[in-house]
Amino acid sequence: MLFAPKLVGTTALDAETLAADRKDCRKFGPCGLGKKAVYLGGRYADRGFYTVYGDIRRIFKRIAMSKGGFTGKGMFGAMAYLVVQFADGREKQSYFKREDEVDQLLAVIEREHPELPTHSEEAERKLREAEQAEQARYCKELTPAAESAVAELRAALETLKRRRDLTDALAFAAKQKRTIDAINPNYRLAAVAIFLLALAAAGLGVYMLLNHRDHAELLAVFGFAAIFLVSSTRVLPTGRNNKRYAQEQWDKALANMRSLLQEERGIPVPAQYAHPIVLERMIRVLREGRAQSVGEAYETMKADLKALNASVTVTQKEYDEVVAVKPLFLLCNYADEV
């Protein structure tokens, strides 16, 4: 292997085993899951580090929310990281451009390595407290109408869970379109200008270096550093980071979901909101006694989501749900017909 990944745990694999495991690993953004080890992305290279499963104490998602994350007015929005925590307390984290790829990786970990906790200790504590508080809000007995509505929603929920590929694509497309649409065009122009200047500086630095000029190294390093910095902001327009591509992805995800709803007549929400979390929140509304029918639960659920904004303190579970599905409603302005 030309560039072998660097060990970040304590248990090393021999070169032959490491090369074969990394080659066959399942890729999720900058990271990967092999049979022997987890491969983590670095600042400049994907899957440049590794640790065997036995060295991992916890592996979980960490979110850094910039200002404007809920409103879509921020320059960067939410930034997702995969964090690997070791027994000695050390952590190694990898940045993901797509949060859904972190979720997909952790879903595989939960299924294939159930011995590994996939939440931080603080998140686990908050989840337990939130679960207890949620159970305390439920009615001990539901009316027959509410029971029937819960049964209908649970059947629909199982259908959507079987098509997580479509529901995840829908949620990601909405979030991507909201983020890209919110970027100020002036930011993009500035990013392009800086990128071109950095490219020119890097080229001039390399030229000066080849001709043994003074300060050539500094100029080249500055130019390349600026190129990497601008590229990492996600503001620079690319083939997959522009409004047309985001619109195409949203249209495709919505069309696929509409096709599913035509095949499965028992999903009682519009296609643009057909996500398991939406149905789970509707079920909770019914179990809390705040609605007696599917239609009432749907309207109450929408009102609850609309009331949540950046100034509202929520639990970890609520935060994860809001981040996943609120972009769907914001993008469609909470309308039933789009």
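Thr51 lies in strand S5, where strands (E, at least two residues) and helices (H or I, at least four) are DSSP runs numbered from the N terminus. The model is a predicted one, in which local features need pLDDT of at least 70 and side-chain atom pairs count only at pLDDT 80 or more, while totals for chains, interfaces and linings use all residues. Residues are numbered from 1 along each chain as its sequence is written, and side-chain values use heavy atoms, with hydrogens and water left out.

With a relative accessible area of 0%, Thr51 is buried; buried stands for under 20% relative accessible area, exposed for over 50% and partly exposed for values in between (1.4 Å probe, protein chains only). Beyond its neighbours within four places in sequence, Thr51 is in contact (heavy atoms within 4.5 Å) with Val8, Gly9, Ala37, Val38, Ile56, Val84 and Phe86.

Two residues other than glycine have a positive phi. Arg47, with phi near 50°, sits in the loop between strand S4 (37–40) and strand S5 (49–52), and its 11% relative accessibility makes it buried. Asn333, with phi of about 55°, belongs to the segment after H11 and is exposed at 63% relative accessibility.

Ala123, Ala130 and Glu134 of H3 are buried. They lie on the same side of H3 because they cover an arc of only 35° around the axis, taken from the directions from the helix axis to the C-beta atoms. H9 and H11 are among what covers these buried residues, whereas the face turned away from the buried side carries the exposed residues Arg128, Gln132 and Ala136.

On a 1 Å grid over the protein atoms alone, a pocket is an open set of points with protein on both sides within 12 Å along at least five of seven lines, and lining residues have an atom within 4 Å of a point. Of the 36 lining residues, Lys61, Glu99, Asp103, His119 and Asp320 lie nearest the centre of the pocket.

Definitions and conventions:
On a 1 Å grid over the protein atoms alone, a cavity is a set of points where a 1.4 Å probe fits but cannot get out, and a pocket is an open set with protein on both sides within 12 Å along at least five of seven lines; lining residues have an atom within 4 Å of a point.
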